[in-house]
Amino acid sequence: MAQIIDGKAIAADIRREVAAEVAALSSAHSVVPGLAVVIVGSRKDSQTYVNMKRKACAEVGICSVDVDLPEDISELALVAEVHRLNADPAVHGILVQLPLPKHINEEKILSEISIEKDVDGFHPLNIGKLAMKGREPLFVPCTPKGCMELLSRSGVTVKGKRAVVVGRSNIVGLPVSLLLLKEDATVSIVHSRTPDPESIVREADIVIAAAGQAMMIKGDWIKPGAAVIDVGTNSVDDTTRKSGYRLVGDVDFAEVSKVAGYLTPVPGGVGPMTVAMLLKNTVDGAKRGIVE
């Protein structure tokens, strides 16, 4: 049976470390790290994520700057709001909750966030630096960073290993493949146009599943002993649950747990790490401000 990687426990360790750093910054420099969380409109799922992030800030002593904007705000007004936060010395990180309403150009808004405050790590300059050898981004996207942290804290060696990333999204697949490359893995990316994906996944010592396809990766896709990080969160119908559904990953947990060496569960694997890394990035931004 695979060793189950407990993302909840590892994320709790990181939150404790962050809380200690926040306390030290406060006592040594009288600086309280500030994270501005911007939400546009009233999408239920977005509000849930935002509340989770704001609550997590409070728990570790980060000051959450709440910016709640109406659904019909103009792009120009949203850009002005971002510029105001860029100029605010009490804000060390800016997070704009996606997706934005249809009339607003997401790329435009994200590129207006100051690279020094881009705690989501999606500014083109941060992604560009991540892609280049010998360059370091100021911030790394939270979910990919969380995946790497789960591997390292579970004692999984990346250097010299074959890694396969399933999915090529800007949010996970692409940046996690760049991070694996930076850690000296040999990396392949499998996506919806890849013929015979299982034959490629089967060669991997490390699999990062981020395709958004429920239970797509079966036990016979996995090399015995491989480390499997499941980023997928998919709801499937389940009449035995009060909600009528349950959450599953991109990996068939029951099958893969019999073959893999390490495996993250869904929920309780990558999810808690994403928020923990956001807190870490915010503190790193505040520390960088002091050094500069």
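Helices (H or I, at least four residues) and strands (E, at least two) are DSSP runs, numbered from the N terminus. The model is predicted: local features need pLDDT of at least 70, side-chain atom pairs count only at pLDDT 80 or more, and totals for chains, interfaces and linings use all residues. Residues are numbered from 1 along each chain as its sequence is written, and side-chain values use heavy atoms, with hydrogens and water left out.

**Largest pocket**
- A pocket is an open set of points on a 1 Å grid over the protein atoms alone, where a 1.4 Å probe fits, with protein on both sides within 12 Å along at least five of seven lines; lining residues have an atom within 4 Å of a point.
- The largest pocket holds about 1600 Å³ of space, a volume being the space filled by probe spheres set on the points, which are joined across faces, edges and corners.
- Its lining has 50 residues, of which Tyr49, Thr143, Ile171, Val172 and Thr274 are the closest to the centre.
- At least two lining residues come from each of α2 (44-60), β4 (93-96), α4 (106-112), α5, α6, α7 and α10 (271-291), and α2 gives the largest share, 6 residues.

**Helix α7**
- In α7 (residues 173-182), 7 of the 10 residues are buried, meaning under 20% relative accessible area with a 1.4 Å probe and protein chains only.
- The buried residues are Gly173, Pro175, Val176, Ser177, Leu178, Leu179 and Leu180.
- Just after α7, Asp184 has a positive phi of about 70 degrees.

**Second largest pocket**
- The volume of the second largest pocket is about 230 Å³.
- Among the residues lining the second largest pocket are Lys8, Arg15, Met52 and Glu59.

Key. Buried means under 20% relative accessible area, exposed over 50%, partly exposed in between (1.4 Å probe, protein chains only).
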